[in-house]
Amino acid sequence: MSRFFGNLNFSVGFVMSAVVVMVAVVSLVWTPYDGNKMRARERLQGPSISHPLGTDQYGRDTLSRIMVGAVNSIIVGLVTVAIGMGLGVVLGLISAYYGRLVDESIMRFSDFLFGFPAVLTAILITSILGPSMINAMLAIGIFYIPIFARLTRAVAMTIWRQEYIAAARASGISELAIVWRHVLPNILSHLLIQSTIQFAVAILAEAGLSYLGLGTQPPTASWGRMLNEAQTFMSMSPWMAIFPGVAIAWAVLGFNLLGDGLRDTLDPKMVRDR
C-alpha cells in the first residue's frame, strides 16, 4: 500500500474517487431533501443554509439531486465497463489464441465498432428503443468492447509466447486451465488500469448523452441533464450549471488520476523507468 500511496496521482485520485463513492452511498439512505419534490415558492434560490447549493427552476434542492446523480454516474460506469470488459476480454483471448483468420475477423469487427462513436451509437439505439439510461449504457458499453479486445489481444499474444506457457502445455495442462491460471492473471493489472480510465470516460459520456436528452430521463437526477436544464437560467441562476459541472469534473478527474496512478505503479516498464 505504501507503494501505491507513494504515488501522487494515485493518492489524489483515490481521495477524489472515494468522495464520489461516499456521496453516492450516503444518498442511498439520506439526502437533505427529496430530490424530485417540487417547491414552487423556493424556485431559483441561491446557495443558503437551508439549500447549500441552491435550488432549480422547480424548487428542487440542487445538493440532493447532485448526490442522487452520483449514484447514476457510478452505475453507468460499472455497467458499461462490465459490458466492454466482459465481451472484449473474451474476443481478445480468442483472437490471440487462434490468430490468422479468426484474429483478422475479430480485429476488423473491432474497427467497425470504432467507426461508430458512443454518441452516434446512442442516437441509433435510442431512435429504435427510445432514450433511456439503459440504452445509453448499452451504447457506451458496445463502444468499449473493441478497446478491451485490443488490449487483451496485445497482452495475451505476448504471454502465449512465453516459455512457461510451453512448459505448462508439455505438462499436460489443458488450454482452458492455462488461460485461467497463467494468461488472465497476467492481464488483470492492464485491465484494472484500463477499467479505471474508461470508468471516468463513461461518466463523461453519460453526462453528454443526458445533456442531449439521450441518457437518463426526467425526473431521475443526472448531472448532464441538470446542465441541460440550467442553460436557460444561466444569467439568473448560474449556480444551477456550476455545481453539476464541478461534480462532473471532480469525478472524471478523480478516476483519471486514479487510473494514471495505477498505471505508474503496476506497469513494470514504468517502474523500471523510475
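Helices H8 and H10 cross each other in a left-handed way. Keep in mind that this is a predicted model.

**H8 with H10**
- H8 covers residues 175-211 and H10 covers residues 239-266; their axes come within 9 Å and cross at roughly 165°.
- Angles over 145 degrees count as roughly antiparallel, so that's what H8 and H10 are to each other.
- On the H8 side, the contact includes Ser189, Leu192, Ile193, Phe199 and Leu204.
- H10 brings in residues including Ile248, Val252, Phe255, Asn256, Asp260 and Arg263.
- Sort the residues of this contact by class and you get 15 nonpolar, four polar and two charged.

**H3 with H4**
- H4 spans residues 100-114, and H3 packs against H4 at an angle of about 145°, with the axes 7 Å apart.
- The crossing of H3 and H4 is left-handed.
- From H3, Leu91, Ile94, Ser95 and Tyr98 do the touching; they meet Arg100, Val102, Asp103, Ile106, Met107 and Phe109 of H4.
- The class tally for H3 with H4 is seven nonpolar, one polar and two charged residues.

**Thr62 in H3**
- Thr62 sits in H3, the helix made of residues 62-98.
- Is Thr62 buried or exposed? Its relative accessible area is 3%, and under 20% counts as buried, so Thr62 is buried.
- Leaving aside residues up to four places away in sequence, Thr62 touches Leu53, Gly54, Thr55, Asp56, Met226 and Phe243.

Definitions and conventions
Residues numbered from 1 in each chain as written. Predicted model: local features only at pLDDT ≥ 70, side-chain atom pairs only at ≥ 80, totals over all residues. Heavy atoms only, no water. Axes fitted to C-alpha atoms, helices over the stretch in contact; angles between N-to-C directions. Helix = DSSP H or I, 4+ residues; strand = E, 2+ residues; numbered from the N terminus. Parallel < 35°, antiparallel > 145°, perpendicular 65-115°, else oblique. Left-handed = near helix turned anticlockwise from the far one by under 90°. Contact = heavy atoms within 4.5 Å. Nonpolar A, V, L, I, M, F, W, Y, C, P; charged D, E, K, R; others polar. Buried < 20%, exposed > 50% of the residue type's maximum accessible area, 1.4 Å probe, protein only.
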